[in-house]
Amino acid sequence: MKKSLLFVLLLVCNVILAQEHFAGLTTSARGGMIAADMNPAELVNLNNRFEFNIYGLSLNVSNNKIGISDIISNNNLEDLLFQGNDPVTMKISFEALCPGFAVKVKRWAFGVSTKASGKLDVLNVNPNLGEAIFNNSLSNSVIQLNSNDNQKLTGIVWGEVGLTAARSIIDNKKNKLSIGATFKILFPGAYSNIGLQNSAGTISQIGNNIYLNNFSSNLNIAYSGSLANGFSTFNDYSKSVFGNINGFVGDIGANYQIKSFDEEDKDKKSNKYKNKYKLSAGFSIKNIGNMTFEDENNYNTDYSLQIQSTPQNPNGLNLNQFENIDNPQDIETILANNGYLYTQSPIKKTISVQMPTTFSAYVDVKLIPKVYLSGFIQQKFNNGQDNDQMAIANIITVTPRLNLGFFEIYSPWTRNEVSGTNGGLGFRLGGFYLGSSSIATAIINDTKQVDIYTGFRWAFL
């Protein structure tokens, strides 16, 4: 495949590389609409009557092979990415929180949010196959392949509008119990997927060429919108974030608090909505639903891929043909022209993609005045290897924080199933926030994840 795709992945790793968005801020007492994006019940815990989200940006990548020290000290990153026997996984994602609004009315809170999202996932790629395609080289002259994993390369872009309602069921001086739900209207933009499952065969190097032979696999190639043109051009992601309405998902959640009531504040109107507690705990189930991609160039085809020696190709399929290719349509054409696809032409049909449904739970405890400690866990419900399933990582995060009201500083420490352990640092100054869930480990240790997020909210009354 086109080497520029690999270079894009590695370059992004060097600049903006994480998998949990807004880590550390979502479990804060001043989380506001960002906390409500994690758990809709949190919307009723707004610190003010009104809140406007002006913007929020989070750019993330994680991988299981290359650390910061490798990027600094080694020029042969492609070789490091495909070394060893472990499959290669790399995830790039971004979220843009667009303008939104929330209002609190007694025991109720209502919000409207907008968001643009994009993901590029490389999942479970056999390192020998990856080395052959991306580097045009092999560690041995002949290598046997045998993998039951679905080796996927998936790009997806979509927009969403969320409508949230939350209510306090119990709200007194000691306790508060709230529930909430979000209904999201989805705008699928563009999609592309190449999945290779149950693969077995031989890779061999003959001269300067790499060949795949005696090979069988189930192959899915699907594309819709601008990502049919390729995976590696940023404009193909950015120009098609919002398509037509063609999907709906829902979030539900609950939150319980043991309140911390300051006697001196009880008569102050300005503190009527201040979110003060000794303990706050909650859970949510997010992204229940799917979205459907429909476009004039919409194709979704399951092939039986069979590569054997022929008089035309006595050594099998020459993988060097994919050196300048990152277009799924061109991949189909090459394989079909060589007679390796059981289905000889793409099938035009809709593409239904399952959203990554997750269960999240968290607790935030006040240790001493102004000092808090929170724990967060995210567990996925679905198997990310399925071709129609958007992938997500399991995460555990612990965050100590100092909350002085107008100013807050925190340090999230995360265990990510893809990139391992990462530590970060962030702060909030009024409505402005800036943070990273991996900058600490990037500085003091090696890390396979680096990220950055920032944003601004305006709350009043």
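This text walks through the structure from its overall make-up to a few of its parts.

The model is predicted. Its protein chain has 461 residues, and 57% of them are buried. In secondary structure, the chain comes to 8 helices and 20 strands. The accessible surface of the chain is about 19,300 Å², and carbon and sulfur atoms account for 57% of that surface.

The average pLDDT of the protein chain is 83, and 87% of the residues score at least 70. Where pLDDT is low, the predicted coordinates should not be read in detail.

Helix 5 covers residues 127-135, and E131 lies in it. Is E131 buried or exposed? Its relative accessibility is 13%, and buried means under 20%, so E131 counts as buried. Beyond its neighbours within four places in sequence, E131 is in contact with F82, N136, S137, L138 and S139.

Helix 7 runs over residues 328-337, and its buried residues are P328, I331, E332, I334, L335 and A336. Which strands do these buried residues pack against? They pack against strand 5 (175-206), strand 6 (209-224), strand 9 (299-307) and strand 10 (317-318). An α-helix has 3.6 residues a turn, so residues three or four places apart point the same way. After helix 7 comes G339, which has a positive phi, near 75 degrees.

The last stop is on the surface. A nonpolar patch there is formed by L402, L404, I409, W413, L425, I439, I443 and I444, which together have about 740 Å² of accessible area. Which helix gives the most to this patch? Helix 8, residues 439-444, does, with 3 residues. The relative accessible area of I409 is 32%. Buried means under 20% and exposed means over 50%, so a residue in between is called partly exposed. I409 is therefore partly exposed. A residue needs over 30% relative accessible area to belong to a patch, and I409 has 32%.

Conventions. Residues numbered from 1 in each chain as written. Predicted model: local features only at pLDDT ≥ 70, side-chain atom pairs only at ≥ 80, totals over all residues. Heavy atoms only, no water. Patch = residues over 30% accessible without salt bridge, like charges linked within 9 Å, V, L, I, M, F, W, Y side chains within 5 Å. Areas by Shrake-Rupley, 256 points an atom, 1.4 Å probe, with all protein chains shown as cover. Salt bridge = Lys/Arg side-chain N within 4 Å of Asp/Glu carboxyl O. Helix = DSSP H or I, 4+ residues; strand = E, 2+ residues; numbered from the N terminus. Buried < 20%, exposed > 50% of the residue type's maximum accessible area, 1.4 Å probe, protein only. Contact = heavy atoms within 4.5 Å. pLDDT = per-residue confidence, 0-100.
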